[in-house]
Amino acid sequence: MIKYVIKPKRNLRNNTVKYYAQIAPINATDLSEVASQIEAQSTVSSADVKGVLDQLQTVVQEQLRAGRSVRLGDLGSFRPTLSSSRSETEANVSARNIKRVNVIYTPSGSLRRALKSALTSRSLKFELVKPKDQAEEGGEA
């Protein structure tokens with residue numbers, strides 16, 4: 001079940017407001033929970049799964065620091081990006097121009113297709129979550 005909220009967004013050009021569904025803020029599933037779920041579906045202990053996942057994080061970080069993309073099968077890929085200040089001439093561009101390094105995650109085609117298929121078949125379920133202040137104004141608790 002994917003929980004969502006309704007958020008207003010103002011168009012600055014014509015000062016109109018439109019409303020959109022947006023994922024509701026919820027607690028993330030942490031590494032320990034992922035390890036526990038994998039343990040429940042396999043013959044590997046949670047400690048072993050956590051050890052492998054810890055190493056996966058380390059290897060992905062090392063590869064990104066080396067400027068390499070990392071593809072994790074049907075999960076998707078991670079790639080490093082950078083932002084730099086501009087320069088009028090090529091000769092004036094150096095590492096000093098680099099202001100920020102970031103990581104972009106791109107889901108695999110099969111992951112995108114799976115989510116699209118779940119939406120199309122309506123097997124994905126959604127639930128509207130009302131913020132507390134709206135529920136109290138409407139008399140609900």
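Author: In a salt bridge, 3.5 Å from N to O, the side chains of D54 and K50 meet. The model is predicted: local features need pLDDT of at least 70, side-chain atom pairs count only at pLDDT 80 or more, and totals for chains, interfaces and linings use all residues. Residues are numbered from 1 along each chain as its sequence is written, and side-chain values use heavy atoms, with hydrogens and water left out.

Reader: How many salt bridges does the count come to?

Author: Side chains of opposite charge can pair when their charged atoms come close. The rule asks for a side-chain nitrogen of Lys or Arg within 4 Å of a carboxyl oxygen of Asp or Glu. By this rule the count comes to one.

Reader: Which helix holds D54 and K50?

Author: Helices are DSSP runs (H or I, at least four residues), strands are E runs of at least two, and both are numbered from the N terminus. D54 and K50 are four residues apart, about one turn of the helix. Both lie in residues 46-65, helix α2.

Reader: Is V60 buried or exposed?

Author: V60 also belongs to helix α2. Buried means under 20% relative accessible area, exposed over 50%, and partly exposed in between (1.4 Å probe, protein chains only). V60 has 12% relative accessibility, so V60 counts as buried.

Reader: What kind of aromatic pair do F78 and Y105 form?

Author: The structure holds one aromatic pair. Its members, F78 and Y105, sit 5.2 Å centre to centre, with 45° between the planes. Rings of Phe, Tyr and Trp (its six-membered ring) pair if their centres lie within 6.5 Å; planes under 30 degrees apart count as stacked, over 60 as edge-to-face and the rest as tilted. The F78 and Y105 pair is tilted.

Reader: How many residues apart are F78 and Y105?

Author: The pair links distant parts of the chain. F78 is in strand β4 and Y105 in strand β5.

Reader: Why does Y105 count as partly exposed?

Author: The class follows from relative accessibility. F78 is partly exposed because its value is 22%. Y105 is partly exposed because its value is 36%.

Reader: Which backbone nitrogen does the side chain of N97 reach?

Author: N97 is in the loop between β4 and β5 (98-106). N97 is buried, with a relative accessible area of 9%. Beyond four places in sequence, N97 has contacts including S83, R86 and N92. At 2.8 Å, the N97 side chain reaches the backbone nitrogen of S94.

How values were computed:
A polar contact is a pair of N or O atoms within 3.5 Å; within protein, one must be able to donate a hydrogen and the other to accept it, and residues adjacent in sequence count only if both atoms are side-chain atoms. Contact means heavy atoms within 4.5 Å.
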